[in-house]
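Good morning, and thank you for coming.

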Amino acid sequence: MQLEGSCHCGAVQFSLESANPYPYQRCYCSICRKTQGGGGYAINLSGDARTLKLKGGDHVAVYHAVVRDGQGAREGVSSAERHFCSHCGSALWLFSPEWPDLIHPFASAIDTNLPVPPERTHLFLDSKASWVEIEAKQGDKLFKGYPEESIARWHERLGLETPGASASPDPLRNGG
Ligand SMILES: [Zn+2]
């Protein structure tokens with residue numbers, strides 16, 4: 001499936017192919033929540049990095065999330081690149097150098113009508129803010145940290161893969 005995305009101000013437009021386009025994965029980690037999560041979570045998709053087309057690349061900035069230990073002390077920065085528009089702040093996609101074949105666009109940046117997922121995965125619940133309610137429906141899966149299942153495997157299990165699907169694993173590397 002071809003995904004078209006853009007930031008809010010229109011300076012950045014992008015597109016990519018995704019074999020796994022269902023927006024089922026809600027990430028409650030503090031990075032997603034603080035940088036973009038309106039409901040207390042962000043929704044990550046997965047797409048083929050080789051197909052990424054970008055207009056307005058000069059306006060894209062990258063955030064490497066600060067990683068902290070349990071006491072809140074700074075331990076370093078995440079290798080994951082969180083791409084966002086330097087004018088309006090819209091989060092665009094996440095790219096991890098460890099998984100160079102994959103781009104994880106945020107569903108919030110996608111303009112294409114995405115399919116409604118039959119069930120959802122809620123992840124990084126140990127980083128959830130106290131005010132965030134988990135709106136889990138029957139069949140949803142809940143994880144304190146990373147889910148056991150990659151985005152590709154979830155689509156495979158539910159028979160929702162689109163042709164040309166990549167079989168490569170894709171655990172999200174967001175960090176907590
Ligand atoms: Zn913008």
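I shall speak about a metal site, a sheet and a group of aromatic rings.

This is a predicted model, in which local features need pLDDT of at least 70 and side-chain atom pairs count only at pLDDT 80 or more, while totals for chains, interfaces and linings use all residues. Residues are numbered from 1 along each chain as its sequence is written, and side-chain values use heavy atoms, with hydrogens and water left out.

Let us begin with the metal. Which residues hold the zinc ion as its protein donors? They are Cys7, Cys9, Cys85 and Cys88, each through its SG atom, at 2.3 to 2.4 Å from the ion. Donors here are N, O and S atoms within 2.8 Å of the metal, or 3.2 Å for Na, K and Ca; water is not among the atoms, so sites may look incomplete. The angles among the four donor atoms run from 106 to 117°, and the site is tetrahedral; for four donors, that term requires all angles to lie between 85 and 135 degrees. For comparison, the ideal angle for four tetrahedral donors is 109.5 degrees.

Along the chain, the donors follow the spacing C-x1-C-x75-C-x2-C. Cys9 lies in the loop between β1 and β2, and Cys88 in the loop between β10 and β11, so this pair ties together parts that are 79 residues apart in sequence. Strands, like helices, are DSSP runs numbered from the N terminus: strands are E with at least two residues, helices H or I with at least four. Cys9 is partly exposed at 42% relative accessibility, and Cys88 is partly exposed at 31%. Buried means under 20% relative accessible area, exposed over 50%, and partly exposed in between, with a 1.4 Å probe and protein chains only.

Next, the sheet. Four strands form an open, mixed sheet in the order β4-β3-β13-β14. Two strands pair if DSSP finds at least two bridges between them. β4 and β14 stand at the edges with a single partner each, so one side of each has no neighbour in the sheet. Strands β3 and β13 run parallel and are joined by three bridges; Cys27 stands opposite Leu123 in β13.

Finally, the aromatic rings. Tyr22, Tyr24 and Trp154 form one cluster. Rings of Phe, Tyr and Trp (its six-membered ring) pair if their centres lie within 6.5 Å; planes under 30 degrees apart are stacked, over 60 edge-to-face, and the rest tilted. Trp154 is buried, at 0% relative accessibility, and Tyr22 is buried at 15%.

Conventions:
Tetrahedral: all angles 85-135°; square planar, octahedral: opposite > 155°, others 65-115°.
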